[in-house]
Amino acid sequence: MASGRDGVRRAGRSRLRPKKGAIEQLYTAPPAGSVVVCLDEMGPQKATSHPGQQLVRPAAPKAERARQEIDYGRRDVAGYVFGAFQPATGAALAQSYHHRTTTNWVDFLSAVEAWITPATERIYAVVDNLNTHSAPDVLLFSLLHPRWEFVFQPKYAAYLNLIEPWWKILRSLALKGRRFETWAEIAQAIERATAYWNQHKHPFIWGRRRRHRPPRRLGVAAVPVLSRI
């Protein structure tokens with residue numbers, strides 16, 4: 001007889017597979033005349049120093065001890081970055097808000113509605129299960145915009161939302177290696193980084209291996225050569 005823990009795991013997997021399959025189907029073979037857009041929030045982001053990847057060599061001819069100004073933490077109110085990402089084209093939209101509220105979320109959905117071409121017949125929005133994403137105001141928004149359909153990803157399955165790897169790119173372009181004093185500086189950096197990405201965008205293909213991971217070769221190990229005695 002299966003233990004209670006195994007029963008819970010099996011039940012979770014049975015609910016996960018249909019939702020995962022539906023999202024994968026949208027990524028690999030979306031319906032004609034439709035657009036798949038991944039939505040999420042990044043934050044809270046605070047005005048602080050963000051370390052870079054490389055050390056800055058001193059300009060002095062002699063070696064000196066590295067010096068860095070002490071950062072005592074947050075200097076201004078924190079905020080959130082709302083993002084929309086189209087995996088098929090790589091196009092992205094990002095807007096900054098001081099708070100993660102239902103009002104701001106609906107305002108961002110209106111911006112996404114204006115951002116996507118009117119010729120699109122259907123918009124499939126992949127989102128997580130945050131309570132603001134299923135609030136009554138969001139339901140009213142979907143009723144006023146019948147071409148929208150929200151596809152909620154399963155819990156503990158953030159990898160199904162392809163905006164997650166794009167968040168990493170945005171942080172690298174906008175925040176890494178910089179020091180911010182106010183939230184307005186962060187918002188301006190996010191805006192410039194998003195514009196730069198849209199000029200050099202590329203699609204995200206579901207199931208493709210990462211570039212820095214060479215494919216593993218499968219086969220039988222070579223038999224060692226044994227010398228005759």
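This is a predicted model: local features need pLDDT of at least 70, side-chain atom pairs count only at pLDDT 80 or more; totals for chains, interfaces and linings use all residues.
Local features were assigned at pLDDT of at least 70 and side-chain atom pairs at pLDDT 80 or more, whereas totals for chains, interfaces and linings use all residues. Residues are numbered from 1 along each chain as its sequence is written, and side-chain values use heavy atoms, with hydrogens and water left out.

Five strands form an open sheet with mixed pairing, in the order 3-2-1-4-5. Strands (E, at least two residues) and helices (H or I, at least four) are DSSP runs numbered from the N terminus, and two strands pair if DSSP finds at least two bridges between them. Strand 3 (92-97) and strand 5 (148-152) are the edge strands, each pairing on one side only. From one strand to the next, the twist averages 25°; angles run from 0 to 180 degrees between N-to-C directions, with axes as lines fitted to C-alpha atoms, for helices over the stretch in contact. Five bridges join strand 1 (residues 34-45) to strand 4 (residues 122-127) in the parallel sense. Within strand 4, V126 is the bridge partner of C38.

Helix 2 (residues 102-115) packs on the sheet and touches strand 1, strand 2 (79-85), strand 3, strand 4 and strand 5, contact meaning heavy atoms within 4.5 Å. The direction of helix 2 makes about 150° with that of strand 3. Helix 4 (residues 163-174) lies across strand 1, strand 2 and strand 3, at about 50° to strand 1.

The loop between strand 5 and helix 4 contains Y156. Most residues other than glycine have a negative phi. Phi of Y156, however, is positive, near 60°. Y156 is exposed (over 50% relative accessible area), at 85%.

Conventions: Buried means under 20% relative accessible area, exposed over 50%, partly exposed in between (1.4 Å probe, protein chains only).
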